[in-house]
Amino acid sequence: MSEQAGSLKPCRVVRTGPVSIGGGDLVVMAGPCAVEDEMTLWEAAHAVRAAGAVVLRGGAYKPRTSPKAFQGLGEPGLAMLKRVAVGTGLATVTEVLDTRDVERVAEHADILQIGSRNMQNTALLKEVGRIKKPVLLKRGMSATVEEWLLAAEYILEAGNPDVILCERGIRTFETATRNTLDLSAVSLLKELSGLPVVVDPSHGTGRRSLVAPMSRAAVAAGADGLIIEVHPYPKAAACDGPQSLTPEEFSRLMLQVRKIKEAMLLLK
Ligand code: PEP
Ligand code: MN
């Protein structure tokens, strides 16, 4: 890892279908935390697409802290995600938790997510390094930037150049928010790495009210994209309702981040 403080590295452009991440456009990925049922997913997908998102998020395999919490629908959830995405013209991002599921998830999804809890699961990193689909690598909740970049290196060395880094907040002494969103890491990664950087203000804060301000700040810090939890009925969500935006809130936010992005382009 070479350090070039102050100079930005050219960004690798990661492509999936018509979506280019790191190519200059602000790419927004949005949808529910988990795939719950097909009706809710259709509703979420139509709403986020209408607001300008280009990638639908939704977990079929959920890495829950408690084994008693909803673990996701598994393979039927993957099939639902694919159906809804094809029907709405969106690309998809979904988490893979287990090396044994990588091939199956890659058959269904456009971007494979490695979650915070698996950032240093080297077997899983090597496995997604062998596929020909982009990987969204979330920062481990207690990982330094260096450890995160070394985790990315596992995927790159295994032969997959299409890695997207995702800042999703880290654990600090602060408990007022779910995590502490490290936006300095976004700008730092632009100096240290040539990989696109996406910010997750939903897990980064855990609070619906903070998602919009942190999204705006992330774009101003140079993020190539955002991944945001949106649910048509947050109170009824199977997981992460308190940090999920309603479709109305999301569509308002999209107008704001577009303006920030335009202002950023004027600075160049
Ligand atoms: C998620 O994106 O739903 C998720 C579980 O994220 P993280 O791995 O960042 O906690
Ligand atoms: Mn979630």
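Both His 203 and Asp 240 are buried, where buried means under 20% relative accessible area, with exposed set at over 50% and partly exposed in between (1.4 Å probe, protein chains only). The model here is predicted, so local features need pLDDT of at least 70 and side-chain atom pairs count only at pLDDT 80 or more, while totals for chains, interfaces and linings use all residues. Residues are numbered from 1 along each chain as its sequence is written, chains are lettered from A and ligands numbered from 1 in the order in which they are written, and side-chain values use heavy atoms, with hydrogens and water left out.

Helices (H or I, at least four residues) and strands (E, at least two) are DSSP runs, numbered from the N terminus.

Now for the barrel. Eight strands close it up in the order S3-S4-S5-S6-S7-S8-S9-S10, with parallel pairing; two strands count as paired if DSSP finds at least two bridges between them. On average, neighbouring strands of this sheet are turned by 25 degrees against each other, direction ignored. Axes are lines fitted to C-alpha atoms, for helices over the stretch in contact, and angles run from 0 to 180 degrees between N-to-C directions. Helix H4 (residues 122–129) packs on the sheet, touching strands S6 (111–114) and S7 (135–138), and its direction makes about 170 degrees with that of S6. Contact means heavy atoms within 4.5 Å.

S10 (residues 225–229) pairs with S3 (residues 27–31) in the parallel sense over five bridges, and Val 28 stands opposite Leu 226. On another side, two bridges join S10 to the parallel strand S9 (residues 197–199). Gly 225 has Val 27 opposite it, and Val 198 stands opposite Gly 225 too. Five of the five residues of S10 are buried, so this strand is largely enclosed by the rest of the structure.
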